[in-house]
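Subject: A structure for you to look at

Hello! Here is the structure I promised to pass on to you. Please open it and keep it beside you while you read my notes below.

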Amino acid sequence: MNNSKTMGIAYLGILLTYVIADAIWLGVVTRSDYTSRIGHLMRESVNLWPWVVFYIGYSACILRLAIFNGSKPTYLRVFVNAFTLGLASYGAYNLTNYALLEAWPIGITLQDWMWGTSITTISAMVGFIAMKWDAYKESKHKKESVM
């Protein structure tokens, strides 16, 4: 399989999973919780460009650090790598907020840390599965065309 195609499929799987799941999480599941607990820290209107930059960049980091990191990707390696990345990234963000912001609740710290670790792992696994599925379809197609 073409390496660019492989990386593209994995990246799209990661990015779409991350954006859709995070939109549901932030816009539906935890919206009232975040608003009631840290609403006083929120902007009147959402500034979208930082989100766009984050989703594009963090999805690329997941791709590079969880899947294409120099070792042969396996389901277990991708899972452990992504879990570790999410734990570190969201831990740094949430623990820094908790350390520096007087009104940042410990409940939000733990909830968001858990979510970030989970969605990083889930997104990486979906990207990896999409990549493996495409490779399977391609190999099956090659076998059929040889016959």
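Two residues are in contact when they have heavy atoms within 4.5 Å of each other. With that in mind, look at A66: leaving aside its neighbours within four places in sequence, A66 is in contact with C61, R77, V78, N81, A82 and A124.

Before going on, please note that this is a predicted model, where local features need pLDDT of at least 70 and side-chain atom pairs count only at pLDDT 80 or more, while totals for chains, interfaces and linings use all residues. Residues are numbered from 1 along each chain as its sequence is written, and side-chain values use heavy atoms, with hydrogens and water left out.

Now the overall picture. The chain has 5 helices and 0 strands; helices (H or I, at least four residues) and strands (E, at least two) are DSSP runs, numbered from the N terminus. Its C-alpha trace spans about 65 × 30 × 20 Å along the principal axes. Of the contacts with a separation of 6 or more, 78% are between residues 24 or more positions apart.

Next, what lies inside? Buried residues (under 20% relative accessible area; exposed is over 50% and partly exposed in between, with a 1.4 Å probe and protein chains only) make up 33% of the 147 residues in the chain. The largest nonpolar core has 27 residues, and Y18, Y58, I62, A66, I67, V78 and A124 have the most contacts inside it. Such a core is a set of buried Ala, Val, Leu, Ile, Met, Phe, Trp, Tyr and Cys residues joined through side-chain atoms within 4.5 Å. The elements giving two or more residues to this core are α1 (3–29), α2 (31–38), α3 (48–67), α4 and α5 (106–146). In soluble globular proteins, nonpolar side chains tend to be buried together.

The expected span of a helix is 1.5 Å times one less than its number of residues, so the 26 residues of α4 (residues 75–100) should span 38 Å, and the 37 Å between its end C-alpha atoms agrees. Among the buried residues of α4 are V78, A82 and L85. N94 also lies in α4 and is buried, with a relative accessible area of 0%.

How many aromatic pairs does a search of the whole structure find? There are 11, where rings of Phe, Tyr and Trp (its six-membered ring) pair if their centres lie within 6.5 Å; planes under 30 degrees apart count as stacked, over 60 as edge-to-face and the rest as tilted. F54 and Y55 make an edge-to-face pair, 5.6 Å centre to centre with 65° between the planes. F54 is partly exposed, at 31% relative accessible area, whereas Y55 is buried, at 10%. The rings of Y58 and Y90 have their centres 6.1 Å apart and their planes at 75°, so this pair is edge-to-face. The pair links distant parts of the chain, as Y58 in α3 and Y90 in α4 are 32 residues apart. Y58 is buried at 8% relative accessible area, and Y90 counts as buried at 9%. Ring pairs link Y18, F54, Y55, Y58 and Y90 into a cluster.

Enjoy exploring!
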